[in-house]
Amino acid sequence: MTSDTRAGWRPVTEAVGSVRAMKAVFLRDLKAAFRQRQDLLNPLLFFIMVVTLFPLGVSPEVSFLQQAGSGILWVAALLSVLLSLDHLFRHDYDDGTLEQLVLQPQPLFLLVLAKVAAHWVLTGLPLVLLAPVLGIMVHLDGNSIGVLCLTLLIGTPVLSLIGAIGAALTLGLRSAGVLLSLLIIPLYIPVLIFGTGTVAAAGDGAPVGGYVALMGAFLVLAVTLAPFASAAALRISLSNA
Amino acid sequence: MWQFFHKLGSPKWFFGIANRLMPWLLWGGAALLFAGLIWGLAFAPQDYLQGNSYRIIFIHVPSAFLAQSVYIMMAVAAVVTLVWRMKLADVFVKSVAPVGAVLTFLALFTGAVWGKPTWGTWWIWDARLTSMLILLFLYFGVIALGAAISDEKSSARAVAVLVLVGVVNIPIIKYSVEWWNTLHQPATFKLTEKPSMPAEMWVPLLLSVLGLYLIFGWFACLRMQTEILIRERRTRWVKELVLAGRS
């Protein structure tokens, strides 16, 4: 449990520092994900396609898109994070890695935090990077696009963190995907409200500092509380198997 | 005190207590609710602005009140489940979650019926309506997760975690939705302030709120008894109970 053992030659079975363990889990998840590149691309493609549906389904008018654009992008990002959550623990659950993680001497919630961080780097961050392109396609102005990216940058980690609770709870269940969405969507609502609210305020020329600070508060709250809930849920799901 | 607490963990003991408690809850609740509703619907004065249509408040407010407090009760039971692994707490959560969902729906439905003459529309994306709708979603999530996990113990704990996550989120959801849009009138009863309506209106309202609480208690006991019988069907006392009931 101690975090002062830095020497690299110690056998793996012995307790290594929590930070090192987190780093190992994080890098391992990245490496595993890059061996299955198509899986990385799918949520992004989904994001683009959902955004495409709105001009086709509702209206391609510039005035409508300008007004609804930030909401469309946020909802699409939210849905693609939601879809990617199923993968968060699934592979590790299937091949037994998750049980090993639970058995580690390091606190499970830290390892979960590392896994969620990796998940965000693999799905949330690319969404943020892609958002400006789609923002231009829905005719948002430059300032709004900047604010939108900022809110997504703060908001998508919250989505991943809260979503991890749902992913852990539904692990190993039949039709886990739909159930996961059912459990998690209500919890996503505050993030969505403030995410789009911030962009709307920026569009009106209002100062956005306060909104951004509130979203930052959500992030802090999610980072501090959600990993505990996810870890508890993981233990329950594993004891079920 | 602790002995009582331990006894509370025993389904058999609860079953007996519930049997003795239920008539009081049922008749007390029915009397209060009856009095409150008759008074409210027939004798309370008209509202100067809304006329008679405001009378739906005597159903709307009690169900909305209870819909929210049932979730809080579930959260308390969830803590008990996770900390003390008490079976009865989980029986409570599983039994009342559908009741809470129905009450939430009732609050939304009566609200819609009330909104039509008052606001001129069935539904408005207003803060309190929306947060009740989200509460309904949370109830659905709890029910769905409970139904999806077949193992009794993990189902109990998973649902408890979900209920707790939900209860942490409820204030956040409530305030963000409120910030987002507000049209609904503020809450009728506040603990710290004197009600703004005349006594002929709020006394029957209070009676129906209390009555519905008691009726809820009765119904919760009934559902919990049923759930206990299903879960404990292999134990001797249940078999004896069933045989005694048959003869």
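This is a predicted model: local features need pLDDT of at least 70, side-chain atom pairs count only at pLDDT 80 or more; totals for chains, interfaces and linings use all residues.
## Chain B overall

Chain B is built from helices. There are eight of them, with zero strands. Read from the N terminus, the order of elements is α-α-α-α-α-α-α-α.

Chain B has 247 residues, and 38% of them are buried. Consider the contacts in chain B with a separation of 6 or more. Of these, 79% join residues 24 or more positions apart.

## R85 in chain B

R85(B) is not a glycine, yet its phi is positive, at about 55°. The residue sits in a loop of chain B. That loop runs between α3 (57-84) and α4 (87-119).

Is R85(B) buried, exposed or partly exposed? R85(B) has 14 C-beta neighbours inside 10 Å, so it counts as partly exposed. Burial takes 20 or more such neighbours, and exposure takes 12 or fewer.

## H139 in chain A

Chain A also holds a residue with a positive phi. H139(A) has a value of about 65°, although it is not a glycine.

Where is H139(A) placed? H139(A) lies in the loop of chain A between α6 (108-137) and α7 (142-169). Around H139(A) there are 17 other C-beta atoms within 10 Å, so this residue is partly exposed.

## The two sites in brief

R85(B) is in the loop between α3 and α4 of chain B, with phi about 55°. H139(A) is in the loop between α6 and α7 of chain A, with phi about 65°. R85(B) is partly exposed, and H139(A) is partly exposed too.

Terms used
Residues are numbered from 1 along each chain as its sequence is written. Chains are lettered from A and ligands numbered from 1 in the order in which they are written. Helices (H or I, at least four residues) and strands (E, at least two) are DSSP runs, numbered from the N terminus. Two residues are in contact if their C-beta atoms, placed from the backbone, lie within 7 Å.
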